[in-house]
Amino acid sequence: MTKFTVRKNAQGKLEILDRVRRKYIVCTDEEKVRQMTILYLTETLNVPMSSIVVETEIKVNKLSKRTDLIVLDSNLKPALIVECKAPSIKITQDVFEQIARYNLTLQVKYLMVTNGVEHYFCHLDYEKQTYQFIPELPDWSAF
């Protein structure tokens, strides 16, 4: 398993290396969850690092929003949106509504919400106009 690379910056704050963006980021509780999720995606689901987009801006009803993670499929289309929260933040209906708003723009197959302790996965079927909570995400090759 890959280990995290951390360091202290000039101000004495702990930073963690974001392997996707290839730069150090201040190590907040939410950032730790994001980095653990990137590790899960790459090492468990075999998502190529090049298929992960971190903290990108999207437009939702003309408002600018930032997604935590988007995973692209092999055709470079968004397939998964991940919303990361700090472990102290409960996963509530508001969190699901937040990620659902992001999906109005992206129309992905899968959603993931995590606070590092609780993890929820959802598969969306646009033909049948249904969604289903699933126990885990499939391997990236099935995206």
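**Aromatic rings and a pocket**

Modeller: Before we start, please keep in mind that this is a predicted model. I would begin with Tyr131, which has a relative accessible area of 57% and therefore counts as exposed.

Biologist: Which aromatic residue does Tyr131 pair with?

Modeller: Tyr131 forms an edge-to-face aromatic pair with Phe133, with 6.1 Å from centre to centre and 85° between the planes. Phe133 itself counts as partly exposed, because its relative accessibility is 45%.

Biologist: How many aromatic pairs are there in the whole structure?

Modeller: A search of the whole structure finds 5 aromatic pairs. One of them joins Phe96 and Tyr120, whose ring centres are 5.6 Å apart and whose planes meet at 70°, so this pair is edge-to-face. Since Phe96 lies in helix α2 and Tyr120 in strand β8, the pair ties together parts that are 24 residues apart in sequence.

Biologist: Changing topic, how much space lies in the largest pocket?

Modeller: The largest pocket holds about 260 Å³ of space. It is lined by 13 residues, and those closest to its centre are Phe96, Ala100, Leu111, Leu124 and Tyr131.

Biologist: Which elements give two or more residues to that lining?

Modeller: Those elements are α2 (93-106), β8 (119-125) and β9 (130-134). The largest share comes from α2, which supplies 7 residues.

Biologist: One more thing, where does Glu15 lie?

Modeller: Glu15 lies in strand β2, which covers residues 14-18.

Biologist: Why does Glu15 count as buried?

Modeller: Glu15 counts as buried because its relative accessibility is 9%, and the cut-off for that word is under 20%.

Biologist: So what does Glu15 touch?

Modeller: Leaving aside residues up to four places away in sequence, Glu15 touches Thr5, Val6, Arg7, Asn9, Tyr24, Ile25, Val26 and Cys27. With Asn9 there is also a polar contact, in which the side chains of Glu15 and Asn9 are joined at 3.3 Å.

Definitions and conventions: Residues numbered from 1 in each chain as written. Predicted model: local features only at pLDDT ≥ 70, side-chain atom pairs only at ≥ 80, totals over all residues. Heavy atoms only, no water. 1 Å grid on protein atoms, 1.4 Å probe; cavity = no way out; pocket = protein on both sides within 12 Å on 5 of 7 lines; lining within 4 Å. Points joined across faces, edges and corners; volume = space filled by probe spheres on them. Helix = DSSP H or I, 4+ residues; strand = E, 2+ residues; numbered from the N terminus. Buried < 20%, exposed > 50% of the residue type's maximum accessible area, 1.4 Å probe, protein only. Polar contact = N/O pair within 3.5 Å; in protein donor to acceptor, adjacent residues only side chain to side chain. Contact = heavy atoms within 4.5 Å. Phe/Tyr/Trp six-rings, centres within 6.5 Å; stacked < 30°, edge-to-face > 60°.
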